[in-house]
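The following questions and answers are intended for a reader who is new to this structure. Each answer sets a value beside the rule that gives it its name.

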Amino acid sequence: MGAFHPDSEFMQALGRVADYVILNVLCVLFSLPIVTAGAAMTAKYYVSMKMVRGEEPAVLSAFWSSFRQNLKQATCIWVPFLVILLVLAWDWYSVVYGSSQSMPQAGKILLLVLTLLVCMVAYAVFPFLARFEMSTGEALKGAMVFCFLNLPKMLVILLVISLPYVLALWYIEWALGLWFFITTVSLYYISKMFVKEFKKIEKEEQLS
């Protein structure tokens, strides 16, 4: 069987890469109204985690189904986070350029810790919605506990998802290519991490 045969491992791997690219593009497109970004993130991880588990979902229909099903709950979670993130962004602007430049070092460290915690929980809550049927309170609690138990991994995730945008500022001519490459690779490995950790949670629930 040749490498370019439709059933070859190479072509299957190439198709899987294309699916991850499509997922990232769909997530961006469905996030354009801003308020729907939570539902788009949930749908992205719903499909990507299925792929990591060896399932073969139809990417477009599975994404749309999850987006529609989780739109209300994910939006109710995302909008307050969006407001908090905007407030934190304004605080950082004030610290760097505005009236808060004289803030004590301890205050800046506290603001940094708060920003990281909010970003981690805001990111982790949507894979929880994608994997489990739970109330909003349960999803937020689960995401917070998950972030504390997996703090180093979540910090790495924040770094990785920020990387294409930071690099784009330095290499503007390569921005699109960097975005496609980094987001595709990171989506696979981040989804793999969530699947592995969620399996532990599911085993603990079965034993309890």
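Q: Which residues do ring pairs link into a cluster?
A: In this predicted model, the cluster joined by ring pairs consists of Tyr45, Tyr123, Phe128, Phe132, Phe146, Phe194 and Phe198.

Q: How many aromatic pairs does the rule for rings give?
A: The count is 19 aromatic pairs. Two rings pair if their centres lie within 6.5 Å.

Q: Why is the pair of Phe128 and Phe132 called tilted?
A: The ring centres of Phe128 and Phe132 are 5.9 Å apart and their planes stand at 40 degrees. Planes under 30 degrees apart would count as stacked and those over 60 as edge-to-face, with the rest tilted. The pair of Phe128 and Phe132 is therefore tilted.

Q: What makes the pair of Phe128 and Phe198 edge-to-face?
A: The centres of these two rings, Phe128 and Phe198, lie 4.9 Å apart, and the angle between their planes is 70 degrees. Because edge-to-face requires an angle over 60 degrees, the pair receives that name.

Q: Why is the pair of Phe128 and Phe198 said to tie together parts that are 70 residues apart in sequence?
A: Phe128 belongs to helix α4 (residues 105-131), whereas Phe198 belongs to helix α7 (residues 175-207). The pair therefore ties together parts of the chain that are 70 residues apart in sequence.

Q: Are Phe128, Phe132 and Phe198 buried or exposed?
A: Buried means under 20% relative accessible area. Phe128 has 4% and counts as buried. Phe132, with 13%, is buried, and Phe198, at 1%, is buried as well.

Q: How do you know whether Phe194 is buried or exposed?
A: The relative accessible area of Phe194 is 0%, and the limit for a buried residue is under 20%. Phe194 is therefore buried. This residue is found in helix α7.

Q: What does Phe194 touch, not counting residues up to four places away in sequence?
A: Phe194 touches Tyr45, Met49, Tyr123, Ala124, Pro127 and Phe146. Of these, Pro127 is 67 residues from Phe194 in sequence, and the two C-alpha atoms are 7.5 Å apart in space.

Q: Why is α4 called oblique to α5?
A: The axes of α4 and helix α5 (residues 136-149) come within 8 Å and cross at roughly 120 degrees. Roughly perpendicular covers 65 to 115 degrees and roughly antiparallel begins over 145, so an angle between those ranges counts as oblique. Helix α4 is therefore oblique to α5. The crossing is right-handed.

Q: Which residues make the contact between α4 and α5?
A: On the α4 side, the contact is made by residues including Leu117, Met120, Val121, Ala124 and Phe128. On the α5 side, Ala139, Leu140, Gly142, Ala143 and Phe146 are among them.

Q: What makes α3 and α4 roughly antiparallel to each other?
A: The axes of helix α3 (residues 59-96) and α4 come within 11 Å and cross at roughly 160 degrees. Angles over 145 degrees count as roughly antiparallel, and α3 and α4 are therefore described in this way. Their crossing is left-handed.

Q: Which residues of α3 and α4 make the contact?
A: From α3 the contact includes Ile77, Trp78, Phe81, Leu88 and Trp92. From α4 it includes Leu111, Thr115, Val118 and Ala122.

Q: Why does Thr115 count as buried?
A: Thr115, whose place is in helix α4, has a relative accessibility of 14%. The limit is under 20%, so Thr115 counts as buried. Thr115 touches Leu88 and Trp92, not counting residues up to four places away in sequence.

Q: Why are Ile34 and Val145 called partly exposed?
A: Partly exposed lies between the limits of under 20% for buried and over 50% for exposed. Ile34 has a relative accessible area of 45%, and is therefore partly exposed. Val145, at 42%, likewise counts as partly exposed. Ile34 is placed in the loop between α1 and α2, and Val145 in helix α5.

Q: What is the phi value of Ile34?
A: Phi of Ile34 is near 70 degrees, which is a positive value in a residue other than glycine.

Q: How confident is the predictor in this protein, in terms of mean pLDDT?
A: The mean pLDDT is 88, and 91% of the residues reach 70 or more. Over residues 1-5, however, pLDDT stays under 50.

Terms used
Residues numbered from 1 in each chain as written. Predicted model: local features only at pLDDT ≥ 70, side-chain atom pairs only at ≥ 80, totals over all residues. Heavy atoms only, no water. pLDDT = per-residue confidence, 0-100. Contact = heavy atoms within 4.5 Å. Phe/Tyr/Trp six-rings, centres within 6.5 Å; stacked < 30°, edge-to-face > 60°. Buried < 20%, exposed > 50% of the residue type's maximum accessible area, 1.4 Å probe, protein only. Helix = DSSP H or I, 4+ residues; strand = E, 2+ residues; numbered from the N terminus. Axes fitted to C-alpha atoms, helices over the stretch in contact; angles between N-to-C directions. Parallel < 35°, antiparallel > 145°, perpendicular 65-115°, else oblique. Left-handed = near helix turned anticlockwise from the far one by under 90°.
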